[in-house]
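Welcome to a short tour of this protein. Have the sequence and the 3D view open side by side, and follow along heading by heading.

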Amino acid sequence: MVIHSSVPKEIISEVDGVKVAFRPIDLPNARIVHGSQFPLAMTMTKDSGEKVTLDEAANAIRDLSERGITTDLMNKHGALVLRGPGDPSPEAFSKLVHAAEEGRGRVPYDQIGLAGSRTVHGKEVFSASESPPHLWIYHHNEYSRYTKFPSNIHFFCNVSAEEGGESPFCHSGELFDRLQEDIPEFVEEAARRGLNSPDVYRAPGKEGKNFIFTWAGPLAFGRNIKPGDDMATMKAKAEKEVIKLTPHFWWIEDDQLEVHQHVPAFRRHPATGKPIFFSSIPGRYGTALDRGATDPPYIGDDGMAFPPATYTDGEAIPKKYLHRAWEISNECQVAIKMEEGDIALVDNYQTTHARAPWTKGNRKVFVSMWDTLDPKEKILDY
């Protein structure tokens with residue numbers, strides 16, 4: 001096993017007389033970003049070497065969180081993958097993630113504007129992307145093209161695919177560094193002008209082929225829509241939710257909803273102060289590229305609209321910059337084959353995530369999103 005000097009050799013938690021050791025495990029394709037290994041993976045075992053129970057793992061994680069260790073590890077390494085009791089149930093994920101985040105004083109993130117589909121599987125436990133297994137989900141920081149977003153998104157492996165289905169991560173700081181190195185003119189222009197992030201939401205009953213969502217979804221803008229509401233009532237209720245994100249929206253043909261959100265192109269991490277590319281540009285462009293929708297009218301082979309990000313004033317960003325950002329995210333990624341019961345605690349500011357296709361077996365990964373209430377821990381302007 002090769003352990004980099006930036007990785008702790010061992011962390012011990014002791015709760016009610018039970019000692020649990022967190023020990024690093026090797027990730028052959030891990031990267032070194034700003035002097036630290038990205039990401040960090042650790043096993044949880046009793047100090048005696050015995051397997052930990054779910055309750056023991058939850059107690060140990062809560063202990064580390066209350067002591068500030070979980071936060072320090074995520075700030076330093078971007079993401080922390082833990083392998084412990086091996087229970088792949090959604091109930092296990094809920095127990096572990098609540099221990100981690102409640103121990104840090106975080107609160108569940110209130111999702112709004114979701115351009116996708118998720119199923120609730122437990123308390124603060126949702127399915128990840130439910131798009132078909134042959135599709136890539138490319139790199140993005142969760143809700144980064146929105147004006148509201150969680151500080152953390154955590155993943156949990158319920159079922160691991162036999163072939164494929166890796167969980168790739170990419171460090172947002174390395175992404176920024178590479179953009180600055182490869183296309184500095186884009187960094188300068190985008191930092192000055194900001195981004196306009198457009199989305200088109202289909203009407204209920206007119207869902208797309210690969211990405212099944214509408215503006216009436218409960219995690220989009222339909223939380224107050226009730227069965228039996230007519231279209232006018234549904235639209236009025238949806239508008240009250242959209243305005244929480246942006247005043248820039250309008251209704252277009254076939255009762256579709258177009259939403260534009262103006263966001264910075266780059267930010268700074270609140271703990272490190274380093275610049276990060278906190279963005280959905282690589283993911284949105286890659287998906288559009290796969291669907292043949294990177295040129296006007298930006299309609300994919302599945303009939304879905306994939307409007308690209310522009311500068312805030314609406315001027316198009318040259319496609320060569322969008323393409324290069326997508327390439328760099330793929331070049332810098334660390335693809336992890338998560339085992340059933342693995343939990344990945346992810347700093348959403350500092351780490352993008354993606355989903356590789358799978359060709360054999362099934363794959364099911366859950367997500368849980370959390371946020372900080374401390375202004376000092378909120379993402380910084382660039």
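## The annotated span

Residues 68–367 have end C-alpha atoms that lie 22 Å apart, and the span is 26% helix and 26% strand. Helices here (H or I, at least four residues) and strands (E, at least two) are DSSP runs, numbered from the N terminus. The UniProt record, an unreviewed entry, gives this span the annotation "domain: TauD/TfdA-like". UniProt positions are given in the numbering used here, feature names are shortened, and annotations may be inferred rather than shown by experiment.

A word on what you are looking at: this is a predicted model, in which local features need pLDDT of at least 70 and side-chain atom pairs count only at pLDDT 80 or more, while totals for chains, interfaces and linings use all residues. Residues are numbered from 1 along each chain as its sequence is written, and side-chain values use heavy atoms, with hydrogens and water left out.

Let's begin with β24. Seven of its eight residues are buried, so this strand is largely enclosed by the rest of the structure. Buried means under 20% relative accessible area, exposed means over 50%, and partly exposed is in between (1.4 Å probe, protein chains only). Several strands pair with β24, where pairing means that DSSP finds at least two bridges between two strands. Strand β11 (residues 152–159) runs antiparallel to β24 and is joined to it by seven bridges. Strand β7 (residues 107–108) is also an antiparallel partner, over two bridges, with V107 opposite D371. Strand β9 (residues 125–127) pairs with β24 in the antiparallel sense over two bridges too, and there S127 faces F366.

## Two buried serines

S368 sits in β24, which spans residues 364–371, and stands opposite H154. Its relative accessible area is 0%, so S368 counts as buried. The S368 side chain makes a polar contact with the side chain of W370 at 2.8 Å. A polar contact is a pair of N or O atoms within 3.5 Å; within protein, one must be able to donate a hydrogen and the other to accept it, and residues adjacent in sequence count only if both atoms are side-chain atoms. Leaving aside neighbours within four places in sequence, S368 is in contact (heavy atoms within 4.5 Å) with F93, V97, E124, N152, I153 and H154.

The other serine, S197, belongs to strand β14 (residues 195–201). S197 is buried, with a relative accessible area of 7%. Not counting residues up to four places away in sequence, S197 touches R145, V259, H260, Q261 and V263.

## Aromatic rings

How many aromatic pairs are there? The count comes to 20. Rings of Phe, Tyr and Trp (its six-membered ring) pair if their centres lie within 6.5 Å; planes under 30 degrees apart count as stacked, over 60 as edge-to-face and the rest as tilted. W136 and Y138 make a stacked pair, 5.4 Å centre to centre with 5° between the planes. W136 is partly exposed at 26% relative accessible area, whereas Y138 is buried at 7%. Y138 also pairs with W326: the ring centres are 5.7 Å apart and the planes lie at 85°, so this pair is edge-to-face. Y138 is in strand β10 (residues 137–140) and W326 in helix α8 (residues 319–331), so the pair ties together parts that are 188 residues apart in sequence. W326 counts as buried, at 14% relative accessibility.

Elsewhere, ring pairs link F176, F186, F266, F277, Y321 and Y382 into a cluster. K235 lies over the face of W251, 4.9 Å from the ring centre. A charge sits over a ring if NZ of Lys or CZ of Arg is within 6 Å of the ring centre and within 35 degrees of the ring normal.

## An open sheet and a helix

Three strands form an open sheet in the order β18-β17-β25, with antiparallel pairing. The edges are β18 (275–276) and β25 (380–381), each with a single partner strand, so one side of each is left without a neighbour in the sheet. Two bridges join β17 (residues 267–268) to β18, and R267 stands opposite I276 in β18.

Finally, look at helix α2 (residues 69–77), where I69, T70, T71, L73, M74 and H77 are buried. G78 follows α2 and has a positive phi, near 85°.
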